[in-house]
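Subject: Structure handover

Hello,

Here is the structure we talked about. Please open it alongside this note; my findings follow below.

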Amino acid sequence: MRKGKRSAKRSSTKTLIVILIILIIAAGGILGYKIINDKKNTETINEDNPITAVLEEKKVEIFKGNDRPIAIMIDNHSDAWPQAGLQKAYMVYEIIAEGGETRLMALFKGVDVDKIGPVRSARHYFIDYAMENDAIYVHFGQSPQAESDIKKFSIKDINGIAEDGTTFWRVKDKAAPHNAVTSTKKLIESAKNKKYKTTSSEKSVLNYVTDEVKLENAQDAINITIPHSKLQTVKYVYDEENKVYARYARNKEQKDWTTKEAITTKNIIITFCDNYTLSDSENKGRQGLKNIGTFDGYYITNGKAIKIKCIKNARDEKTKYQDLEGKEIQINDGNTFVNICPTDANVIIEATTDTTRNT
């Protein structure tokens with residue numbers, strides 16, 4: 001009798017174990033099905049609600065990643081036109097140099113550009129804007145003032161004159177000194193060889209937003225004329241279809257050296273800031289810039305313009321761009337040209353393409 005009871009007990013135990021295993025397998029199957037089904041439902045929700053999906057993915061494109069910016073001095077003499085690479089820069093500064101000429105400084109971040117230039121020499125006030133962007137400063141030669149400030153501020157620079165001949169090269173279709181070019185790849189290699197950091201966690205100088213900026217209480221801005229000097233006048237013409245401005249200099253449309261395409265910009269910032277002639281032993285008419293303080297200006301985008309304040313408290317501090325109520329302005333996600341011109345420059349902002357003017 002006892003043997004029979006033990007046998008029945010063992011049989012009952014085995015049955016219970018089998019039942020538990022079946023229940024566990026079933027529960028796992030149900031859980032797995034629920035996970036897969038939930039994932040499908042989530043994907044379906046995102047597909048059915050594209051706005052939700054876009055909101056999850058929408059990020060600023062013009063200034064992203066942790067690549068350190070590279071600031072490159074670009075020749076803007078008419079013999080240097082057309083220039084290469086400007087369209088791939090996230091910001092381009094234009095400031096007066098000697099003889100009424102302006103010089104450009106183009107900033108690149110996280111882009112691969114095979115040909116940039118022509119590259120020209122450093123000027124000390126451009127260093128201020130390289131510093132506020134935490135950029136590696138690239139130039140081909142330098143003024144005495146720039147050489148001094150590069151040492152003073154411990155600027156991480158790449159000087160084409162001091163390079164080994166591979167970082168920069170001269171092309172044959174332009175005459176010296178307007179024919180030295182470089183590439184982002186070569187510059188990054190040089191920066192690494194110099195033990196410069198090539199990543200940066202610094203925020204952008206500009207307050208980019210992903211939603212389209214619609215300027216309130218703004219004036220129409222279809223044609224913008226900016227006289228930097230008697231020699232150099234820049235004009236921007238609004239392309240309403242593409243929502244960008246085409247750039248002209250001295251009545252000539254600016255195009256890329258490599259692609260032959262027109263140079264355009266999403267945003268324009270104008271800062272009224274005086275320059276002056278330096279008195280040095282070389283007497284070359286080199287300029288200085290009174291750029292520390294609060295200055296009037298304009299922010300222009302999408303066919304509209306508002307007056308702003310441009311505030312720079314120190315050479316190595318970021319410029320603040322504020323509306324007239326003291327609030328930081330929002331900048332459209334796109335490239336920006338910053339034109340720094342004299343306070344007495346007769347900047348003209350036209351509402352149409354004819355002679356009607358709103359200034």
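This is a predicted model: local features need pLDDT of at least 70, side-chain atom pairs count only at pLDDT 80 or more; totals for chains, interfaces and linings use all residues.

The largest pocket holds about 550 Å³ of space. Its lining divides into 8 charged, 5 nonpolar and 2 polar residues.

Next, the cavities. There are 2 of 30 Å³ or more. The largest cavity has a volume of about 80 Å³. Its lining includes Tyr 93, Tyr 129, Thr 271, Lys 312, Val 338 and Ile 340. By class, that lining has 8 nonpolar, 3 polar and 1 charged residues. Strands S19 (304-312) and S22 each supply at least two of the lining residues.

The second largest cavity comes to about 30 Å³. Phe 63, Pro 69, Glu 132, Asn 133, Glu 202, Lys 203, Ser 204 and Val 205 line it. These split into 3 nonpolar, 2 polar and 3 charged.

Is it buried or exposed? Buried counts as under 20% relative accessible area. In S22 (residues 336-341), 6 of the 6 residues are buried, so the strand is largely enclosed by the rest of the structure. Both faces are covered. Thr 336, Val 338 and Ile 340 are buried on one side. Phe 337, Asn 339 and Cys 341 are buried on the other.

Which strands pair with S22? Strand S15 (residues 267-272) runs parallel to S22, joined to it by 6 bridges. Asn 267 has Thr 336 of S22 as its bridge partner. Strand S2 (residues 91-96) is also parallel to S22, with 4 bridges between them. There, Tyr 93 stands opposite Val 338. Both Tyr 93 and Val 338 also line the largest cavity.

Last, a loop residue. Thr 198 sits in the loop between helix H5 (184-193) and strand S8 (208-209). Its relative accessibility is 25%, so Thr 198 counts as partly exposed. What does Thr 198 contact, leaving aside its neighbours within four places in sequence? The list is Asn 66, Asp 67, Arg 68, Ala 191 and Lys 192. Take Asp 67: Thr 198 is 131 residues from it in sequence, but the two are 6.2 Å apart in space, C-alpha to C-alpha.

Best wishes

Notes: Residues are numbered from 1 along each chain as its sequence is written. Side-chain values use heavy atoms; hydrogens and water are left out. Buried means under 20% relative accessible area, exposed over 50%, partly exposed in between (1.4 Å probe, protein chains only). Two strands pair if DSSP finds at least two bridges between them. Contact means heavy atoms within 4.5 Å. On a 1 Å grid over the protein atoms alone, a cavity is a set of points where a 1.4 Å probe fits but cannot get out, and a pocket is an open set with protein on both sides within 12 Å along at least five of seven lines; lining residues have an atom within 4 Å of a point. Grid points are joined across faces, edges and corners, and a volume is the space filled by probe spheres set on the points. Ala, Val, Leu, Ile, Met, Phe, Trp, Tyr, Cys and Pro count as nonpolar, Asp, Glu, Lys and Arg as charged, and the others, Gly among them, as polar.
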